[in-house]
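Please find below my notes on this model. They are set out as numbered points for checking against the coordinates.

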Amino acid sequence: MTLPPKVILEPLFREWLQEDIGRGDRATNAITGTTNPEKKAIWVAKQSGIIVGLPFAEHIFNLLGEIQWQPQLQEGSFCEEKQEILHCRAKTNTLLSGERVALNLVMHLSGIATLTHRYVEQISDLPAQLVDTRKTTPGLRVLEKYATQIAGAVNHRFGLDDAAMVKENHIQAAGDIKNAIAQVRYSLPYPLTIEVETTTQAEVEAALETDVDIIMLDNMSFPLMKEMVNLIRESSTPIKTIEASGNITLDNIRDVAFTGVDYISTSAPITQANWLDLSMKL
């Protein structure tokens with residue numbers, strides 16, 4: 001995945017540095033004084049996992065001063081516990097004042113990538129693909145979705161303006177599925193798509209009577225989901241994409257994939273990921 005543009009990232013990084021440094025890094029400024037020599041720093045993984053975010057960390061440090069940056073592995077690579085993942089050199093205050101913000105971001109994104117990879121591996125031999133969701137940390141969506149894609153997932157829409165997803169509350173507000181989709185289609189710009197969330201056979205059958213592009217099978221039992229996949233595939237409606245969602249876990253994702261859906265969406269790789277522990281040593 002291409003790195004998000006700097007025009008999006010830099011304001012975030014500046015805000016995070018300002019939050020952490022405040023009116024000055026008192027300990028670092030006192031120790032470095034007027035000399036502020038260059039130092040070499042090494043980042044070490046304290047547990048195994050997928051490393052994501054080193055290009056962002058470099059950008060964070062560069063906002064504080066010049067830095068020589070030598071990653072010891074490629075973005076998205078697997079690291080072992082105690083493995084050196086980065087060598088860098090900069091003025092002491094640059095390294096110490098930027099350490100926490102840079103490490104926090106890389107640990108967070110690496111944790112997401114590590115868990116995403118586990119989900120992807122569960123279905124890697126099957127046609128279905130893992131998809132992320134909009135359940136992201138406010139302000140971090142572009143970075144968290146970057147981490148899932150680096151680890152092998154497919155990005156779902158980034159925002160409400162990327163596509164129209166007609167969910168349960170939309171259907172309730174419109175009266176029924178047909179009215180909801182008709183109203184959305186009337187106002188939707190070309191070539192944006194419409195996806196509808198269904199939980200029962202009756203809702204699937206109603207969706208098949210519309211010009212919806214994608215049908216989501218939400219929180220269905222495996223037998224019902226399989227039956228609905230067959231119903232959709234055998235219908236005369238030209239719907240090519242079926243997505244499954246709801247209570248997806250590492251234990252059941254293969255069962256979901258075997259129903260024949262095209263995509264499996266879950267927020268778990270982001271919302272349930274633990275940070276990957278890293279440290280920096282001078």
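1. The model is a predicted one. Its domain assignment gives domain 1 as 6-118 + 274-281 and domain 2 as 122-272. The centres of domain 1 and domain 2, taken over C-alpha atoms, are 36 Å apart.

2. The contact of the two domains takes 19 residues from domain 1 and 19 residues from domain 2. About 1,500 Å² is buried between domain 1 and domain 2, with 75% of it on carbon and sulfur atoms.

3. Helix α1 (residues 6-21) packs on helix α4 (residues 92-122) at an angle of about 125°, and their axes are 9 Å apart. The crossing of α1 and α4 is right-handed.

4. On the α1 side, this contact is made by Phe13, Trp16, Leu17, Asp20 and Ile21, and on the α4 side by Ser97, Gly98, Arg100, Val101 and Leu105. By class, the residues where α1 meets α4 are six nonpolar, two polar and two charged.

5. The peptide bond from Tyr190 to Pro191 is cis, its omega being near 0°. Pro191 sits in the loop between α7 (177-187) and β8 (194-198).

6. Asn219 has a phi near 55°, which is a positive value in a residue other than glycine. The loop holding Asn219 runs between β9 (214-218) and α9 (222-234).

Methods:
Residues numbered from 1 in each chain as written. Predicted model: local features only at pLDDT ≥ 70, side-chain atom pairs only at ≥ 80, totals over all residues. Heavy atoms only, no water. Axes fitted to C-alpha atoms, helices over the stretch in contact; angles between N-to-C directions. Helix = DSSP H or I, 4+ residues; strand = E, 2+ residues; numbered from the N terminus. Left-handed = near helix turned anticlockwise from the far one by under 90°. Contact = heavy atoms within 4.5 Å. Nonpolar A, V, L, I, M, F, W, Y, C, P; charged D, E, K, R; others polar. Domains from an automatic or database assignment. Buried area = accessible area lost by both parts, 1.4 Å probe.
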